[in-house]
Each structure stands twice: as structure tokens, then as C-alpha cells.
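Visitor: Please show me the sequence and the structure, and then guide me through a few of its details.

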Amino acid sequence: MRRGTIFIFLFIVLAAAIVGASQFLRAQPPLEITVAVDPLTQAWAQEAVDALNATQPTVSATRRVLFKVTATDDLDAWAGSGRAWTTSSHPDAWLAASALSVQYAQDNGVSVVTLTPSLARTPLLWGGYASRVNVATQNGAQPLDWPTIQTLAKAERWDAAGGQTDWGFVNLAFAQPNRKIGGVAALLSGAASFYQTPVLDGRALSQSDFHDWLTPVVQSVPNFTTLGSDPAAAMAGSSSIASIALLPEAQWLLNLRGLLNNEDVRLNYPAYQFVLDFPLAVWQDSTATDAVDVGEAVKLLADALAAPTAQGRLTAFGLRSAAAEPTNADALFTAAVPYGVLLTPDYGQITQIPPRSDTQGLIQWFSSNQ
């Protein structure tokens, strides 16, 4: 009888100790996981992370985790001679806009590895106000794509291209390549169109004949500062800023209503495409004190972002799912179908990733000739 009482007492003490230890651990500050995301996916990622945090996720059974989203342009991780992230200052996870950026960051000495190859997609899309597009394409006789745009840029003024004199100069737009991945993608799409191949080998991006061809397009962009981080929003705010642009599809979709307040628009996918594919990468440092817990936490994040609930929300932010196309139920996409957006587009030829040094050289050339 006494022995049974002792066992019961020990069991109660052990249970109390376990509960107390668990409560103590849960009372400790959470493990904070910083997630760097490209601004194109920031709103979607923040919504998904808020939902994940609301579940009070844990690692190592009892250690609480708090995920924090911070906006980071892809080029901050790989452009220039230095590294934006170091072993003492870096995010734990990175939702980059493109596999190109992860590869280039690795080439630049950034210690990241891809965990999920793609969590979302958005292709490039030409677009512009109908009156200007009709002139540029001869009322649809020519596709709204690089050859047509390059010819238009060479004309410099709309009246020289067959348009109205009071339209003034031909103002084109794309994201600023030395700051935004959408601008880099646009330049690479242009290079592929010039060479008529998606494979940009050797010194293709540094050839003078290509630079001569591209120069009128670059110089037709009136002011990258005015265009800002979202040229479609700038065009919607004032149709005089630019009339035709090559931008990520998501930006056109999110700003379509504002654009239509000014004038009807026309949209078209380029023949040489560069799709932003949004991979998730994790910082790799097996010697870090919290390496195991951080790795487990980022895996929780990857699973949450890839889950049907989060994937199903992508179209509400103008993005395509990693593995499926939009349907007629996706309002942003269906609203844009009359103007040229396709639920299942022909992505054309996908431009391959050139060596980092070649792309860096093209960006430097752009910076000297904008």
C-alpha cells in the first residue's frame, strides 16, 4: 500500500514537472524567423504568415516560433560587388522572385539553398493604352512585342510613327533593371528576342549590335524615378507618364481598373518569355546555435506557403499558382481576359538564365545609358 502511494506521488510530481517545464518554455521569447520576400509577393506572403503565426507554431515540440516578413528586392541579394547579407546579418528564409536571383546570390557567396523551387508564378506581359498600341501594331497587324516596340522607340515621336502630333514623344516603361528584378527580366527577354534564341551564351549581352538595338528602348523611358516600384500604378495615375510597358503580369492585373479609368488597354505576352517563379530558399549555416530549430521552422513555413489554402489565395494578388492556372472563378484574371490576359497562355520560349557576370555587365551598361 505504501509503495503504491509512493508511485502515485512520484507520478504526480513528474507530471507537474513536465507541465511546469512546458509552460516555462512556452513563456520564453519565441524563435523569430525573418522571411525576406520580393515586394511582388509581399502582400500574399504576409497574409499566409499571419495565418501561420495564428496557429502558434512550435519547433522541438515546445519552442514557439514567430515569423516576420520583410520586403527585400532580389537585386539586394546579388547585385553589385558586395553582399547585402552576411553570416551575422541575414534573413532565415528568402522568398525570391526568381530562381535567377537565388543562383546569382549563391555565385556571389550568399549561403542560401533552395528549399522549394517555386511557390508562385507571374510572366512578363506587354501592355499599353489602346490608341497607342493600335498605332504601334498597325491595328493588330504586328504583335505587341519587342520588334514592334524597338521600331516604335527608334521613331522617338508618335507623329513619326503614324500617331498624333500632340501625343509628343514615345514614352515606354519597364522596371528599373539596376533595382528591380522585373527590369532585369525585361532586358533578358529583349536580348532573347534580338538573338531569336532563349539561350544567351557567351558574350551575347555585351555585344555592341545588341546594345545599339536596345538603346532607343532604354532611352524612351522618360523617368524611372517617376515610374517607381510599380510602373503600372504610375501609368494608371497619369497616362502621360508612359503609354506602353513590359511588366510582370501581376502588376497589370492589380492596376487594371485604374488604367481603364484613363483609356482602354491592350495586353500581349512576349514570344521570348521570362517567368518569375518565386522559389523559397533557406540560409544554410549548420554551425549556428539554432540551426536545427531554424531549419524546422522554415520547413513549417514552406509547407504553409505550399498548402492549398495559401496557393488558392495567389490569384487574389494577381499571381499564378506554382502548379495550376487560374480559372473563370479568379476575378482579377477574368476581368483582364477581354484586354489580352489568358488563363492558360502560350508562354513562348522561356529565356534561360545567363551567367551572373554577363547579366551584371548588362545592368552596368544600362546604368550608363539610361
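**A loop, a helix and a buried charge**

Guide: Gln-138 is placed in the loop between H5 and helix H6 (146-155); helices (H or I, at least four residues) and strands (E, at least two) are DSSP runs, numbered from the N terminus. This is a predicted model, in which local features need pLDDT of at least 70, side-chain atom pairs count only at pLDDT 80 or more, and totals for chains, interfaces and linings use all residues. Residues are numbered from 1 along each chain as its sequence is written, and side-chain values use heavy atoms, with hydrogens and water left out.

Visitor: Does Gln-138 count as buried or exposed, and what is its relative accessibility?

Guide: Buried means under 20% relative accessible area, exposed over 50%, and partly exposed in between (1.4 Å probe, protein chains only). Gln-138 therefore counts as exposed, its relative accessibility being 54%.

Visitor: Why is H7 largely enclosed by the rest of the structure?

Guide: Helix H7 covers residues 181-195. It is largely enclosed because, of its 15 residues, the number buried is 13.

Visitor: Which side chain of opposite charge is nearest to Arg-132?

Guide: Arg-132 lies in helix H5 (residues 130-136). Arg-132 is buried yet has no salt bridge, that is, a side-chain nitrogen of Lys or Arg within 4 Å of a carboxyl oxygen of Asp or Glu. At 4.2 Å, the nearest side chain of opposite charge is Glu-263.

Terms used: Lys, Arg positive; Asp, Glu negative; His and termini not counted.
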